[in-house]
Amino acid sequence: MSEVAVYPRKTAKAVEAITPPSILIIDDENAIRESLQTLLELENYRVELAENAEQGLAFLAANTYDLVLLDISLPDRNGLDVLEDIHERDPGLPVIMITAHGTVDYAIRAMQSGASNFIPKPWDNEKLLADVSSAVARRRAEEENQQLKRALKQRYNFENIVGKSEKMLRIFDLVAQVAPSRSTILIQGESGTGKELIAKAIHANSPRKDRPFVPVNTGSMPADLLESTLFGHVKGAFTSAISSKKGLFEVADRGTIFLDEIGSMGLDTQAKILRVLQDKKFMHLGGIQEIQVDVRIIAATNEDLKLMVKEGRFREDLFYRLNVITVDLPPLRDRSEDIPLLAMHFLQRFCTENGRPPLGISTEAMRPLMDYMWPGNVRELENVMERAVVLSSGSTIGIDLISDHIVGRAPITSILEGRPDASLFDIMEECERRIIIDMLEKCSWNQTEAADRFHVPLSTLNQKIKRLNIDIKKKIKE
Ligand SMILES: Nc1ncnc2c1ncn2[C@@H]1O[C@H](COP(=O)(O)OP(=O)(O)OP(=O)(O)O)[C@@H](O)[C@H]1O
Ligand SMILES: [Mg+2]
């Protein structure tokens with residue numbers, strides 16, 4: 001493989017192998033620092049302690065952290081000022097504020113100033129660990145994304161394309177290799193896999209990059225309109241041709257034309273396109289003069305052109321002309337390692353577009369995204385993330401913000417991910433637990449009503465609730 005191929009691979013691997021996440025705790029109370037330290041170290045975080053703002057900022061200047069837990073009231077500085085200082089140095093560093101009774105208003109102001117979250121004293125260990133894990137995961141994913149994007153940008157000049165799966169890295173290599181030539185390229189892939197994005201990347205990495213990239217949706221127009229759009233027409237060529245008009249092939253001269261949905265193009269238009277490909281010449285509709293152009297053609301389709309050739313719906317000669325170099329974009333379900341990366345990429349984009357502070361995704365919400373089949377591919381994931389950002393109010397995208405059809409379609413065995421020793425009975429028990437909690441939620445935690453709807457005696461439901469350790473009181477509070 002060429003040197004080009006190696007660079008992003010190394011970067012992706014290097015990011016995966018990072019050390020355990022490190023957390024800086026800045027709090028003046030010894031007991032708080034120590035109990036947080038113990039709790040976090042048990043979960044394998046690396047923890048450092050500072051007892052005032054000055055010490056904390058000195059640590060931040062000397063080391064890198066994945067997260068800061070910052071007391072809102074410190075002896076030497078106001079917590080909000082410290083937060084500002086931290087973000088001046090590193091805008092993406094998540095900071096969770098530690099708040100005491102009576103400082104909640106203040107904590108809300110901190111959230112508005114970019115804190116990721118706040119935890120009250122005394123805290124709930126489970127919730128604290130969940131918030132910490134989500135903030136750290138977001139930080140890690142953002143860093144990985146940034147490094148990957150930097151690598152792709154540096155090496156290939158790819159804007160806004162992410163991917164670290166072998167399949168996509170191979171496509172990036174291919175794109176980088178073929179972009180500088182003027183060869184015709186056929187991009188195949190299901191709807192929403194990124195065909196247009198790749199076509200733009202090819203153009204942007206070619207010597208034609210300063211000339212126009214002209215996309216034409218060949219599937220959305222009737223044949224005569226498509227032909228006059230592509231080839232232009234002379235005055236009077238047809239009734240409504242009151243003046244002459246240039247075609248897109250002329251507009252794209254010395255640039256690239258992107259013929260999208262080429263499979264929907266009629267056979268007559270196919271013949272004319274073939275002529276441009278062979279002779280680099282065409283005529284305006286109604287014209288007699290041949291026009292010479294230097295246009296690179298990139299075509300895209302989500303149909304099986306080979307099959308269309310067999311069925312006589314696509315010209316064989318055009319197929320072979322177009323199929324000089326083929327880029328086959330894999331469906332998203334075949335490259336699930338790209339899903340978290342893409343999800344974070346869209347999350348960042350929609351937060352910026354909506355003027356929101358950066359959001360994370362909970363592990364629970366990520367799981368169904370990994371398991372879903374994504375019939376609409378990357379575009380569908382993009383829409384799901386946009387919806388989640390717009391509907392979210394907290395600092396993390398939880399499973400409640402992921403559309404029901406995605407959560408519902410996850411394979412049932414995924415509920416035990418992270419428990420490799422679980423047996424069939426464990427899976428059945430977990431299912432039973434979830435079904436009961438779901439029904440109780442529907443019945444506003446009224447057990448009599450839930451027992452009724454399950455058609456079992458109340459005593460049976462009570463026994464199951466006990467056996468499955470469903471903490472009704474806690475759930476009601478949540
Ligand atoms: N690898 C990727 N990284 C980042 N964004 C992506 C990637 N692939 C696709 N997208 C985004 O997903 C959306 C769909 O991509 P695009 O329009 O290129 O797909 P398409 O294959 O042309 O779809 P269709 O067949 O429906 O026209 C776009 O918003 C695009 O920016
Ligand atoms: Mg498209």
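**Figure 1. Domains 3 and 4 of the predicted model.** In this predicted model, the C-alpha centres of domain 3 and domain 4 lie 29 Å apart. The chain is divided into domain 1 (3–144), domain 2 (166–329), domain 3 (333–400) and domain 4 (414–477).

**Figure 2. The surroundings of ligand 1.** A shell of 18 residues surrounds ligand 1, and the closest of them are G194, K195, E196, L197 and V378. Two or more residues of this shell come from each of the elements α8 (195–204), α14 (338–353) and α16 (377–391). By class, the shell around ligand 1 holds five nonpolar, nine polar and four charged residues. Ligand 1 lies between domain 2 (166–329) and domain 3 (333–400), because both domains give residues to the shell.

**Figure 3. The packing of helices α19 and α20.** Two packed helices are described by the angle between their axes and the distance between the axes. Helix α19 covers residues 447–454 and helix α20 covers residues 458–467; they pack at an angle of about 105°, and their axes are 9 Å apart. Angles of 65 to 115 degrees count as roughly perpendicular, so α19 is roughly perpendicular to α20. On the α19 side, the residues of the contact are Q447, T448, A450, A451 and F454, which meet L458, L461 and N462 in α20. The contact of α19 with α20 has five nonpolar residues, three polar residues and no charged residues.

Figure 4. Residue A135 lies in helix α6, which runs over residues 125–156. A135 counts as buried because it has 26 C-beta neighbours inside 10 Å, the cut-off for a buried residue being 20 or more. When its neighbours within four places in sequence are left aside, A135 is in contact with L67, P94, I96, S116, N117 and G360. One of these contacts, G360, is 225 residues from A135 along the chain, yet the C-alpha atoms of A135 and G360 are separated by 6.3 Å.

**Figure 5. The loop residue M265.** M265 is placed in the loop between β10 (256–260) and α11 (267–279). N217 is 48 residues from M265 in sequence, and the two C-alpha atoms are 9.7 Å apart in space.

Figure 6. Most residues other than glycine have a negative phi, and most peptide bonds are trans. The peptide bond from K121 to P122 is cis, with omega near -5°. P122 lies in the loop between β5 (117–120) and α6. K280 has a positive phi, near 55°, although it is a residue other than glycine. This residue, K280, is found in the loop between α11 and β11 (281–283). K280 is partly exposed, as 13 other C-beta atoms lie within 10 Å. Phi of S444 is also positive, near 50°, in a residue other than glycine. S444 is placed in the loop between α18 (424–442) and α19. With 9 other C-beta atoms within 10 Å, S444 is exposed.

**Figure 7. V162 in the loop between α6 and α7.** The loop between α6 and α7 (166–178) holds V162. V162 is partly exposed, with 19 other C-beta atoms within 10 Å; a residue is buried if 20 or more lie within that distance. Leaving aside neighbours within four places in sequence, V162 is in contact with N145, L148, K149, L341, L342 and H345. Between V162 and Q55, which are 107 residues apart along the chain, the separation of the C-alpha atoms is 38 Å.

**Figure 8. L225 in helix α9.** Helix α9, made up of residues 223–231, contains L225. L225 counts as exposed because it has 10 C-beta neighbours inside 10 Å, the cut-off for an exposed residue being 12 or fewer. The C-alpha atoms of L225 and G56 are separated by 67 Å, and the two residues are 169 residues apart along the chain.

Technical notes
Residues are numbered from 1 along each chain as its sequence is written. Chains are lettered from A and ligands numbered from 1 in the order in which they are written. This is a predicted model: local features need pLDDT of at least 70, side-chain atom pairs count only at pLDDT 80 or more; totals for chains, interfaces and linings use all residues. Helices (H or I, at least four residues) and strands (E, at least two) are DSSP runs, numbered from the N terminus. Two residues are in contact if their C-beta atoms, placed from the backbone, lie within 7 Å. A residue is near a molecule or strand if its C-beta atom, placed from the backbone, lies within 6 Å of it. Ala, Val, Leu, Ile, Met, Phe, Trp, Tyr, Cys and Pro count as nonpolar, Asp, Glu, Lys and Arg as charged, and the others, Gly among them, as polar. Domain bounds come from an automatic or database domain assignment. Axes are lines fitted to C-alpha atoms, for helices over the stretch in contact, and angles run from 0 to 180 degrees between N-to-C directions. Angles under 35 degrees count as roughly parallel, over 145 as roughly antiparallel, 65 to 115 as roughly perpendicular and the rest as oblique.
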